[in-house]
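This report describes how two protein chains are built and how they meet. Please consult the sequence and the structure shown here while reading.

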Amino acid sequence: MSIWIEILVSVLLLIGGFFVLVGSIGLCRLPDIYTRLHAPTKATTVGMGAILIASMVMMSVEEGHLSVHELLITLFLLITAPITAHMLAKTALHHENRALKRTQSQQLMSNAREQLPPDANRSHE
Amino acid sequence: MSLSKWLPMPLHSLLLFIVWLLLNNTVAPGHLVLGAFLALTIPLLCAPLKTRQPKVLRPLLALRYIFRVLGDIVVANVEVAILVLGPMRKLQPAFVAVPLDLSGDLPITLLASTVSLTPGTVSAEVSEDRKWLYIHALHMTDEQGLIATVKSRYEAPLKEIFGC
């Protein structure tokens, strides 16, 4: 394996590692559940993307033929990440988890929970 | 026997075939045969469960849309990384209701997924009448600007792609 490939793979791994780390730091640091939801979507997109590209380059060079099944992992991640984020947000809304105090437009939360348009006055309560 | 009876979902068959080959990471003849067999029989078994979905009318635009979203993901990732590592008290999280012009479950799902994938926004809920998408933004300084971006950058192309 030539030095250039090694450098390329290392740089990709470092970028990937950095973004996954930032995702985890975000999970720790961010103040409430709604903002915490943003961290995992970060880690899976660019972070995992870079790591998987590194794996593709590495395996393709090592084994002498193009290795593409990493693309599948990317595909599955891109399909499942938004769904988990959505389900978590939905659950948090239904549990009436409090958002950070300075969150703007918090009055929308109750309408979102009932799946009502934002201008509907909730007469049934 | 018509072709549509034996091949009820041609796109799904193609996708299954490709995914099978990718999973096994090979183009060996044995896997070609097995993949083709699975790609033909699984859609046959699943055809009765099919629901009508809007067709992709502009495939080229769809391809451009995918690349635009990928580009946005990278740019927005860097922006959010800076936010996450910066001081927490500067964050201005917000809920936003975006009015939807799209119709149909598939286009709305795609829009909601795009919004969730582009960091900084997570789609939280869709109103029952499918006219509003509730978004949580990690840091919002300009509400109208955010709504306008979502509508012009993601919703408008999706509307054109599906023609709805």
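Two strands are said to pair if DSSP finds at least two bridges between them. Helices (H or I, at least four residues) and strands (E, at least two) are DSSP runs, numbered from the N terminus. The model is predicted: local features need pLDDT of at least 70 and side-chain atom pairs count only at pLDDT 80 or more, while totals for chains, interfaces and linings use all residues. Residues are numbered from 1 along each chain as its sequence is written, and chains are lettered from A and ligands numbered from 1 in the order in which they are written.

**The sheet of chain B**

In chain B, 3 strands make up an open antiparallel sheet, in the order β1-β3-β2. Because β1 (94–99) and β2 (121–126) of chain B each have a single partner strand, they stand at the edges, and one side of each lacks a neighbour in the sheet. On average, neighbouring strands of this sheet are turned by 30° against each other, direction ignored. Between β2(B) and β3(B) (residues 132–137), the antiparallel pairing extends over 5 bridges. Within this part of the sheet, Ser123(B) is placed opposite Ile135(B) of β3(B).

Helix α6 (residues 143–162) of chain B packs on the sheet and touches β1 and β3 of chain B, with its direction at about 45° to that of β1(B). A helix of the other chain is also involved: α4 (residues 70–94) of chain A lies across β2 and β3 of chain B, at about 60° to β2(B). For such angles, axes are lines fitted to C-alpha atoms, for helices over the stretch in contact, and the angles run from 0 to 180 degrees between N-to-C directions.

**Where the chains meet**

Two residues are in contact if their C-beta atoms, placed from the backbone, lie within 7 Å. By this criterion, 42 residues of chain A touch 38 residues of chain B. On the side of chain A that touches chain B, α4(A) supplies the largest share, 10 residues.

**Annotated spans**

UniProt, in an unreviewed entry, lists a "transmembrane region" at residues 65–85 of chain B. For chain A, the UniProt annotation (unreviewed entry) of this name covers residues 6–27, 39–59 and 71–93. The positions follow the numbering used here, feature names are shortened, and annotations may be inferred rather than shown by experiment. Three of these spans are listed below.

| Span | Helix and strand | Distance between end C-alpha atoms |
|---|---|---|
| Residues 6–27 of chain A | 100% helix, 0% strand | 31 Å |
| Residues 71–93 of chain A | 100% helix, 0% strand | 34 Å |
| Residues 65–85 of chain B | 100% helix, 0% strand | 30 Å |

**Another helix of chain B**

Helix α2 (residues 10–24) of chain B has 15 residues and, at 1.5 Å a residue, should span 21 Å; its end C-alpha atoms are 21 Å apart, so the two values agree. The expected span is 1.5 Å times one less than the number of residues. After α2(B) comes Asn25(B), with a positive phi near 55°.
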